[in-house]
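Colleague: I am new to this one. Please show it to me, and I will ask how you know what you say.

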Protein chains: 2
Amino acid sequence: MSVTIRKIATDLNLAVSTVSKALRDSHEISAETKKRVFAYAEQMDYIPNLYASSLKRKKTGNIAVVLPEVADSFFSLAINGIESVAQEKGYHVMIYLTHENPDKEESILRDFRSGRVDGVLISVSGGAGADSHIHDLCARRIPMVFFDRACESIGAAKVLTDDFEGGYKATTHLIEKGCRRISFLALSETLAIISHRQHGYEEALRHDGIPVDKNLIVNCTNDERESYAIIKKIFLDENRPDGVVGSVEKLATLTYSVCRDLNLHVPRDVKVIGFSSLSIAALLNPSLTTITQPAFEMGRAAATLLFSSLERNNQDAQCRTIVMPSVLIERDSTR
Amino acid sequence: MSVTIRKIATDLNLAVSTVSKALRDSHEISAETKKRVFAYAEQMDYIPNLYASSLKRKKTGNIAVVLPEVADSFFSLAINGIESVAQEKGYHVMIYLTHENPDKEESILRDFRSGRVDGVLISVSGGAGADSHIHDLCARRIPMVFFDRACESIGAAKVLTDDFEGGYKATTHLIEKGCRRISFLALSETLAIISHRQHGYEEALRHDGIPVDKNLIVNCTNDERESYAIIKKIFLDENRPDGVVGSVEKLATLTYSVCRDLNLHVPRDVKVIGFSSLSIAALLNPSLTTITQPAFEMGRAAATLLFSSLERNNQDAQCRTIVMPSVLIERDSTR
DNA sequence: TTTATTTACGAAACCGGTTTCGTGCCCCGT
DNA sequence: ACGGGGCACGAAACCGGTTTCGTAAATAAA
């Protein structure tokens with residue numbers, strides 16, 4: 001079997017407690033003894049058992065990242081950001097995908113009560129208003145930080161962008177480019193981030209005296225095929241939109257697919273703008289105008305916040321909200 | 001504090017062992033007692049301490065996924081596949097990014113000796129031939145499954161595609177489309193997957209009587225800016241290539257960027273084909289011809305293999321190699 | 001009726017670090 | 001010479017499930 005602290009102790013004629021303290025560089029062990037212990041541990045290739053210490057210290061060094069999917073540029077960049085901080089701090093990252101399924105999200109969070117992770121970074125999926133599982137986890141004093149998609153009813157730390165402003169800017173941009181029938185592709189009516197973007201969209205329309213047409217606001221789903229059909233439907237309408245705001249990346253690219261299949265030219269027939277952090281947005285046909293969030297930095301910020309509330313119960317970090325700027329990058333899809 | 005098994009035992013006038021066995025549905029506990037224990041545990045919201053049981057059972061239910069990056073369509077889809085199996089089986093996924101850095105990879109694998117994970121899924125980064133850390137982990141009987149990028153010198157389970165064939169097919173395709181000066185954008189000369197693709201490339205050239213020009217084979221890096229400069233350089237040569245094989249996704253899209261910036265038209269001036277699983281390859285400008293691997297399925301297969309060797313020491317699964325088919329999808333970048 | 005066997009459960013060791021609480025011993029001040 | 005104080009280390013409890021082994025009672029087999 002692997003060499004334990006007791007093995008070292010008996011071999012060196014020391015008590016286990018002495019060895020333990022020596023390895024943790026305790027002040028109450030002489031330099032000489034420490035040297036002996038370290039040398040022998042090295043020689044024997046001693047590797048501390050993670051679970052023994054976790055059991056006693058009630059810390060695992062693991063954090064969870066819970067998000068809808070990973071095949072989305074925002075999330076994959078955010079993971080990069082999170083992972084970079086985690087590696088600096090010596091934490092380990094566990095990843096959980098909800099696929100926008102609230103039930104799955106709930107069962108994932110429920111599991112965290114076992115102490116598997118020290119803290120949680122989460123981008124919630126649009127549930128039917130059932131945030132009880134989130135509140136429950138919060139009540140158990142498990143540090144949580146929301147990034148991008150927060151749960152509004154909870155006073156935890158959050159790293160966000162101004163979604164209302166994003167929706168407003170995107171819509172205003174389309175209006176400036178001459179669009180009058182602008183469609184908003186929503187994802188789930190219960191997702192705060194989406195409804196904020198939608199409110200920005202509606203406000204922008206109102207500001208320019210364009211009536212809000214509920215038929216132009218459509219709820220897509222997490223299923224690609226289904227969303228494709230939904231988007232196609234609005235384009236087959238005799239009164240099809242001349243502009244589209246994709247509230248998440250996939251809806252913008254799906255719009256491209258639909259337009260291609262229907263022989264609608266972007267931007268001549270339809271102008272498209274999407275919330276996306278896709279680095280190759282510039283390489284699309286046509287290049288896609290985006291509202292781009294600082295995904296990597298948001299990941300870093302969220303992780304940093306989490307670790308600071310993990311390392312010392314940093315009250316300040318517990319419920320801080322950081323709002324980071326998103327930018328509109330104009331490209332050919334709206335020219 | 002949280003309710004423990006001992007608390008339940010004393011409250012119910014039972015021994016801790018009885019409660020433990022009851023909760024694990026042991027046959028040596030009567031149905032009636034089990035019912036009492038379950039009911040009380042439920043009522044008290046008992047949540048077993050993960051680390052206590054891990055310590056004793058030497059299993060954590062965690063697996064590690066080690067890969068170069070996550071912002072690559074192949075890897076993000078593979079993660080989806082892995083995660084889907086993991087969730088079915090009740091395992092938890094830890095994610096580690098190496099950023100193609102062998103030192104980082106080594107320190108990551110070294111950590112696994114602590115027992116943090118039960119098994120490892122890995123897509124190696126191109127190191128300077130230093131696979132000793134991989135062998136070391138293998139020697140410690142930690143089940144490993146390689147996916148996509150394997151370590152050749154080791155007899156572990158692998159899920160691959162035929163990279164030689166991929167390189168061969170890609171190159172032959174370009175030749176058929178009229179290319180004569182075909183560049184191969186490599187990543188790291190020490191990465192088996194890349195050298196196989198390169199050998200396929202060279203063999204295809206030879207088969208068609210085209211001399212292999214070493215100047216057309218260039219090693220890019222994991223740094224985007226650096227690779228951009230390298231690619232740009234070959235296009236600024238008076239004898240620039242008329243075809244490009246991107247051995248990984250990012251190199252194909254970088255080629256697009258370079259061509260755009262140099263006003264080179266794809267496919268008229270240069271034809272481009274890339275190894276990629278990008279779902280929006282069809283939406284690029286122009287749409288990108290790809291060698292596409294079944295990324296999701298490969299992730300699933302690798303995870304399945306790992307779990308089968310985890311659950312019972314399935315010797316068969318320990319060193320099985322699964323080769324999955326990749327397909328060439330012709331699009332506009334080579335027309 | 002006596003001897004196996006099974007059933008249902010308890011006591012205690014165990015996993016491997018961590019931490020508390022001593023306890024000798026040496027040095028120092030008075 | 002004596003009390004106080006730090007230093008270096010040891011014994012043992014502890015974290016919270018798991019597992020082995022033992023045993024009394026009940027049932028079955030001889």
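Modeller: Around DNA strand C there are 27 residues, and Ile5(A), Ser17(A), Ala15(B), Ser17(B) and Thr18(B) come nearest. This is a predicted model: local features need pLDDT of at least 70, side-chain atom pairs count only at pLDDT 80 or more, and totals for chains, interfaces and linings use all residues. Residues are numbered from 1 along each chain as its sequence is written, while chains are lettered from A and ligands numbered from 1 in the order in which they are written.

Colleague: How do you know which residues of chain B and chain A are in contact?

Modeller: Two residues are in contact if their C-beta atoms, placed from the backbone, lie within 7 Å. By that rule, 33 residues of chain B are in contact with 33 residues of chain A. H4, helix H5 (73-89), strand S2 (92-97) and helix H11 (249-261) of chain B each supply at least two residues of chain B's side. That side has 19 nonpolar, eleven polar and three charged residues.

Colleague: Why do S2(A) and S2(B) count as a pair?

Modeller: Two strands pair if DSSP finds at least two bridges between them. Three bridges join strand S2 (residues 92-97) of chain A to S2(B), so they pair. They run antiparallel. Ile95(A) stands opposite Val93(B).

Colleague: And within chain A, what is the strand order of the open sheet?

Modeller: The order is S7-S6-S8-S9-S10-S12, with mixed pairing.

Colleague: Why are S7 and S12 of chain A called edge strands?

Modeller: Strand S7 (217-219) and strand S12 (327-329) of chain A each pair on one side only.

Colleague: What is the radius of gyration of chain A?

Modeller: Chain A has 25 Å, taken over C-alpha atoms. The globule rule is 2.2 Å times the number of residues to the power 0.38. For 335 residues, a compact globule would be near 20 Å.

Definitions and conventions. Helices (H or I, at least four residues) and strands (E, at least two) are DSSP runs, numbered from the N terminus. A residue is near a molecule or strand if its C-beta atom, placed from the backbone, lies within 6 Å of it. Ala, Val, Leu, Ile, Met, Phe, Trp, Tyr, Cys and Pro count as nonpolar, Asp, Glu, Lys and Arg as charged, and the others, Gly among them, as polar.
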